[in-house]
Protein chains: 2
Amino acid sequence: MINVKFLPAAIEIKAEKGENLLEVARRGNVFIDAPCNGTAACGKCKVKVIEGNVDTNGSHHIKEVEMKEGYVLACDTKVIEDIIIETSANQSDYLVGMKIEDLSGPKDQAIFERARAQVLNNGMRFCSYIKKDYIEIDIPTLNDNISDWDRIKRHLRNNLGYSKVFCRLPMLRRIPSILRESGFKVTITHIPRGDSRTTIVNMEIGDTTNRLYGVALDIGTTSVAAFLVDLYGGKLLAKASAGNAQMKYGGDVIHRIMYSTKKNGLEKLTYAVIHETINPLLRKMYSDAGIDKNEVTAFVAAGNTTMCHLLLGVYPDNLRLEPYIPAFSRAPFIKASELELEANPETFLYILPSIASYVGGDITAGVLASGIWTSEENVIFIDLGTNGEIVFGNKDYLVTCACSAGPAFEGGEISSGMRAAGGAIERVEIDKNSFQPKIKIINNEEPKGICGSGIIDLIAEMLKAGIIDRKGKINRNLPSNRIRFDEYNIGEYVLAFKDDWDIHEDITITEIDIDNFIKAKGAVYSGVSTLINSLGMDLSIIDKVYIAGGIGNSLSIDRAIEIGLFPDIEKEKFMYIGNSSLMGCYLTLMSEDARRKMEEVAGQMTYIELSTYPSYMDEFISACFLPHTDIERFPTVEKKLQHQDGSN
Amino acid sequence: MINVKFLPAAIEIKAEKGENLLEVARRGNVFIDAPCNGTAACGKCKVKVIEGNVDTNGSHHIKEVEMKEGYVLACDTKVIEDIIIETSANQSDYLVGMKIEDLSGPKDQAIFERARAQVLNNGMRFCSYIKKDYIEIDIPTLNDNISDWDRIKRHLRNNLGYSKVFCRLPMLRRIPSILRESGFKVTITHIPRGDSRTTIVNMEIGDTTNRLYGVALDIGTTSVAAFLVDLYGGKLLAKASAGNAQMKYGGDVIHRIMYSTKKNGLEKLTYAVIHETINPLLRKMYSDAGIDKNEVTAFVAAGNTTMCHLLLGVYPDNLRLEPYIPAFSRAPFIKASELELEANPETFLYILPSIASYVGGDITAGVLASGIWTSEENVIFIDLGTNGEIVFGNKDYLVTCACSAGPAFEGGEISSGMRAAGGAIERVEIDKNSFQPKIKIINNEEPKGICGSGIIDLIAEMLKAGIIDRKGKINRNLPSNRIRFDEYNIGEYVLAFKDDWDIHEDITITEIDIDNFIKAKGAVYSGVSTLINSLGMDLSIIDKVYIAGGIGNSLSIDRAIEIGLFPDIEKEKFMYIGNSSLMGCYLTLMSEDARRKMEEVAGQMTYIELSTYPSYMDEFISACFLPHTDIERFPTVEKKLQHQDGSN
């Protein structure tokens with residue numbers, strides 16, 4: 001056996017000779033980002049061999065100087081003797097400090113209150129599907145000697161009007177002792193259906209009706225966010241987020257699906273999201289709020305269709321193969337204990353329904369929270385996450401589609417890209433004369449990479465400064481040490497020199513990165529225009545644009561229009577609505593009325609499959625330009641570019 | 001550690017010095033009968049120390065000569081060094097070869113057909129609550145790309161009229177692969193409720209609609225019996241029975257309840273009945289019938305209230321404490337996998353409802369199978385198992401009670417008593433002059449003991465031969481080597497001398513045994529008379545007597561009347577209806593109509609608590625006589641005894 005030691009975590013793992021270094025790290029739960037899932041394509045699994053020799057291949061992701069320093073791609077390296085490996089500090093940062101709505105700022109509070117208003121302003125009650133009732137049951141005597149369970153049912157029939165009452169075996173087993181310990185005074189937690197039926201899921205000694213808690217859970221491909229909620233009144237008691245630990249098995253849903261078909265792949269993915277991601281979040285929230293896990297009796301979760309399959313341990317592979325069929329779009333109610341979630345074992349988990357293979361419950365949740373379903377105006381809703389999903393419509397109709405934008409908005413497939421965590425460059429300005437950048441870094445740390453909003457700014461500024469043309473190609477004739485070309489003549493712009501910041505490598509954007517990003521933004525723009533065109537309308541019909549997703553508050557709408565990510569309409573029509581998936585879960589958890597409305601709305605949404613839509617491919621190719629092949633679609637940008645041309 | 005070896009099984013178990021020998025045997029799964037559950041009261045756990053010394057106490061159950069040979073009570077013995085123990089061959093016989101309806105004889109066939117007629121002759125359909133349907137589902141295309149689960153639901157809605165279809169997570173997980181392996185041609189097994197709702201519990205490739213199987217299960221305190229049933233037509237494919245492995249923890253429900261409150265006691269009892277009793281029976285039946293356990297998708301079980309609690313792992317201790325409250329009388333539907341039963345994991349187990357703490361679902365089943373509920377005549381139904389339960393009534397009303405008869409009818413608390421297995425003396429005649437017995441032994445083996453029907457015969461014959469008086473005391477002045485008295489002047493009659501049969505000890509009945517048996521029969525008789533008196537009627541109202549339970553076919557009605565177990569009415573009114581609990585389970589499994597009828601009948605039965613019924617104790621004491629204090633109640637017996645007195 002070979003000893004593999006990983007720094008800075010100082011984790012030592014035994015390995016077989018010839019074992020793949022990335023697999024060794026996964027086995028030991030050492031996080032190495034691998035969005036392409038070990039195909040040596042993305043270059044993100046770069047690690048440094050500090051001591052010992054390995055059997056590795058070169059890669060265009062590793063520069064000559066790096067190779068001399070010992071850098072290798074973990075996915076393309078075999079261990080052959082005892083080694084010490086240093087993983088990038090960046091790597092482990094992916095799992096912590098993810099930016100989500102912390103709701104402490106007034107802007108976040110406004111987003112939260114806006115979502116709540118979708119329920120409150122539409123005649124729906126804030127009344128969860130789960131209830132608590134304190135009951136004092138008649139004590140048994142020789143003359144009244146019916147069974148404990150019959151006694152409970154009789155009480156509920158006579159006092160609360162439930163004629164049919166159910167429970168499951170684990171609950172039944174606890175009844176005799178709870179009744180006697182409490183002197184037959186207990187609080188039941190139950191799930192009514194209709195007026196006369198209910199299912200008891202928990203029973204506590206004495207009156208605990210003031211403690212009724214639930215969890216809302218947004219399960220993203222990249223990150224998972226959760227609220228712990230007081231179901232009376234809806235106060236948030238705790239919130240938490242973390243990177244989805246499945247990331248080590250691939251950055252996007254396609255790579256995850258591919259990994260799921262490997263030996264034990266599905267089990268590992270399910271384990272990663274439940275035991276390495278959700279349960280630690282839950283424990284943290286319970287501890288922060290000072291409640292016991294057995295007091296948590298309601299769970300609502302949303303995620304894209306693949307995430308829902310992986311959460312439940314259902315093979316998602318048919319999602320990837322034509323004709324792209326999910327196993328389910330509406331999951332049955334599932335017991336927390338079936339998934340080993342940290343909660344009362346009798347807790348039911350409700351998962352928001354998906355619309356299609358690539359429009360999941362996170363979008364259903366977003367539709368609910370955004371309020372499109374009640375809007376008189378025509379709204380376009382764009383969720384910029386690891387993929388891009390779009391909904392268009394108003395209170396009368398809703399159409400939706402997914403565009404394969406990939407993970408670029410979260411820094412994926414960009415050489416210095418990273419998620420919106422501490423150290424990420426989130427805003428960029430470039431001086432048009434000196435080509436020097438001005439950058440803003442999350443938490444004011446030393447720069448580690450550049451996140452989605454930063455990339456948007458950067459490309460828009462490079463375009464306006466004339467560093468790149470509308471195809472994204474770098475001008476070969478500019479006098480700047482920040483612009484350089486490698487042996488293959490691929491150009492790059494240096495956003496941060498390593499010597500300026502004392503970091504291990506320069507933070508740059510290459511022509512390949514820009515090309516990747518243009519494809520991503522082109523996919524979103526062409527998705528928006530195709531969706532609206534499919535209804536025989538054009539972009540002028542849009543009254544409002546809601547932007548949701550992990551791209552975050554820092555996004556500049558101006559810059560996003562300048563690169564052609566969003567259509568060129570009045571800036572006032574745009575609104576950032578935060579993590580609308582999590583907000584929708586919260587509303588579903590809090591309001592049975594909202595849950596029903598959401599199910600009704602989900603059932604009425606029309607899905608447009610872009611990949612088979614006749615004009616989509618042309619639209620997409622036209623959109624792979626800055627801002628667009630047809631510049632007339634972007635009159636304000638055209639003006640800016642003309643002005644810039646004129647000024648030069 | 002000490003080495004304890006048990007013969008004849010040659011099982012070796014490690015034990016702590018000072019550990020109780022009975023506990024060591026239980027731990028190693030060596031069966032030693034212990035009806036009194038280790039209180040040194042019954043003497044049934046007698047074993048022989050072949051080698052080594054033990055720390056033991058004497059007992060009146062062990063004769064001086066036996067003590068010299070090394071016999072000890074396992075429950076009252078501590079291990080102190082390496083030993084070899086011989087358990088009685090009898091002991092392990094309890095677990096095999098129990099006599100149950102093998103349905104091969106015409107008498108058994110008649111019992112079976114009689115039970116089936118209760119459904120067929122009363123306008124009810126033989127149609128199980130579980131169904132199979134073969135469906136050919138539309139294959140998905142890009143234009144018809146709804147999820148697998150939605151596709152199944154759509155098919156069932158459009159083709160079979162089910163508007164609401166449910167499944168649970170394990171089923172959902174299997175759907176994508178089954179659909180694709182089968183080319184979307186599958187057979188679903190499902191449980192409809194009403195016309196429009198159903199729950200899918202299994203899915204198989206291709207058309208398997210001709211294979212739909214269920215199991216009926218009678219869980220007795222002493223023995224467990226099962227049928228494997230073809231749910232189309234109701235044919236019995238296999239049957240099996242075995243002793244309830246809980247016996248090692250006590251012979252009757254009270255001792256089992258007491259054991260359940262010990263550390264891990266409940267878990268051990270539940271494990272014993274499921275893993276050591278039911279699952280081996282199931283495996284045997286599946287193998288006999290050549291079916292796979294996953295094809296078994298319906299389970300119906302009945303047992304007394306305590307057995308049902310122990311089966312489900314629900315504490316039964318409140319059954320034993322005033323006011324004697326069960327945790328439940330109607331159990332929820334339970335998944336086979338929750339109990340680790342050998343069946344398709346999605347199979348639901350239905351447990352027949354109990355009426356009261358000591359009138360269980362086995363009696364509900366018996367009422368259904370016996371047909372009292374549809375009878376114009378007044379029927380008394382007596383189940384003679386480990387306890388005695390009685391039902392009286394007709395199609396208009398039904399009353400029921402339990403009498404604490406104990407295990408005497410199955411040989412319990414009788415020194416040479418045993419269950420009706422091979423080697424049991426089941427019939428006895430005694431020559432009035434020579435006092436020599438003529439015996440009939442089950443399977444014509446060498447005699448090992450005497451079972452319930454044999455004890456009834458023996459006591460009746462001893463009474464008629466003048467060996468005992470009507471109090472059960474042995475005549476001190478009879479010239480027979482079969483009649484003898486011990487040092488305490490307790491008399492006994494020798495039914496089989498060990499030297500005549502080459503067995504290890506004489507088979508006898510003592511005055512203590514007779515006294516125990518008289519109390520048991522007195523409990524049943526006084527139960528019958530009290531129950532009928534409670535309605536303001538007397539025994540002359542009885543049109544029919546149905547006898548059910550493990551006492552079996554060999555029971556002589558004449559002898560049972562002679563000792564005063566049954567009331568002295570015309571012999572033609574009696575009918576033995578076999579294991580009516582198992583028959584009732586079979587009917588419930590086969591017919592949803594019958595299940596509903598049975599639930600309705602169960603809900604209408606009136607329970608009479610004898611222990612608090614004013615006249616019961618007087619009735620009981622009067623009945624503790626042969627045949628009764630008031631001989632005029634038994635005119636035919638009076639005549640026989642007078643005739644015998646005259647003839648002597």
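Trainee: What area is buried between chain A and chain B, and what share of it do carbon and sulfur atoms give?

Mentor: This is a predicted model, so treat every value as computed from it. The size of an interface is often given as the accessible area lost when the parts come together. Carbon and sulfur atoms give 61% of the area buried between chain A and chain B, and that area is about 3300 Å².

Trainee: Which helix of chain A gives the most to the side that touches chain B?

Mentor: Three helices of chain A each supply at least two residues of that side: α5 (148-160), α6 (169-181) and α10 (336-339). By class, the side of chain A that touches chain B has 22 nonpolar, seven polar and ten charged residues. With six residues, the helix that gives the most is α6(A).

Trainee: How many salt bridges are there between chain A and chain B?

Mentor: Side chains of opposite charge can pair when their charged atoms come close. Across this interface 14 residue pairs are in polar contact. For salt bridges between chain A and chain B, the count is zero.

Trainee: What relation do the two chains have to each other?

Mentor: Two copies of a chain are related by a rotation about an axis and a shift along it. Here chain A superposes on chain B by a rotation of 180° with 0.1 Å of shift along the axis, at an RMSD of 0.1 Å. That is the relation of a two-fold axis.

Trainee: Which residue of chain A has the C-alpha nearest the axis?

Mentor: The same surface serves both copies, since 100% of the contact residues of chain A recur in chain B. The C-alpha in chain A that is nearest the axis lies 5.7 Å from it and belongs to A:E338.

Trainee: Are the rings of A:F333 and A:Y350 stacked, edge-to-face or tilted?

Mentor: A:F333 is in the loop between α9 (305-312) and β16 (334-335) of chain A, and A:Y350 is in strand β17, 17 residues apart. Their ring centres are 5.5 Å apart. Planes under 30 degrees apart count as stacked and over 60 as edge-to-face. The planes here are at 50°, so the pair is tilted.

Trainee: Where is A:E599, the salt-bridge partner of A:R330?

Mentor: The structure holds 82 salt bridges over all chains. In one of them, A:R330 and A:E599 meet at 3.7 Å, N to O. A:R330 is in the loop between α9 and β16 of chain A, and 269 residues apart from it, A:E599 is in helix α17 (residues 592-604).

Notes:
Residues numbered from 1 in each chain as written. Chains lettered and ligands numbered in written order. Predicted model: local features only at pLDDT ≥ 70, side-chain atom pairs only at ≥ 80, totals over all residues. Heavy atoms only, no water. Buried area = accessible area lost by both parts, 1.4 Å probe. Salt bridge = Lys/Arg side-chain N within 4 Å of Asp/Glu carboxyl O. Polar contact = N/O pair within 3.5 Å; in protein donor to acceptor, adjacent residues only side chain to side chain. Helix = DSSP H or I, 4+ residues; strand = E, 2+ residues; numbered from the N terminus. Nonpolar A, V, L, I, M, F, W, Y, C, P; charged D, E, K, R; others polar. Least-squares fit on C-alpha atoms with pLDDT ≥ 70 in both. Contact = heavy atoms within 4.5 Å. Phe/Tyr/Trp six-rings, centres within 6.5 Å; stacked < 30°, edge-to-face > 60°.
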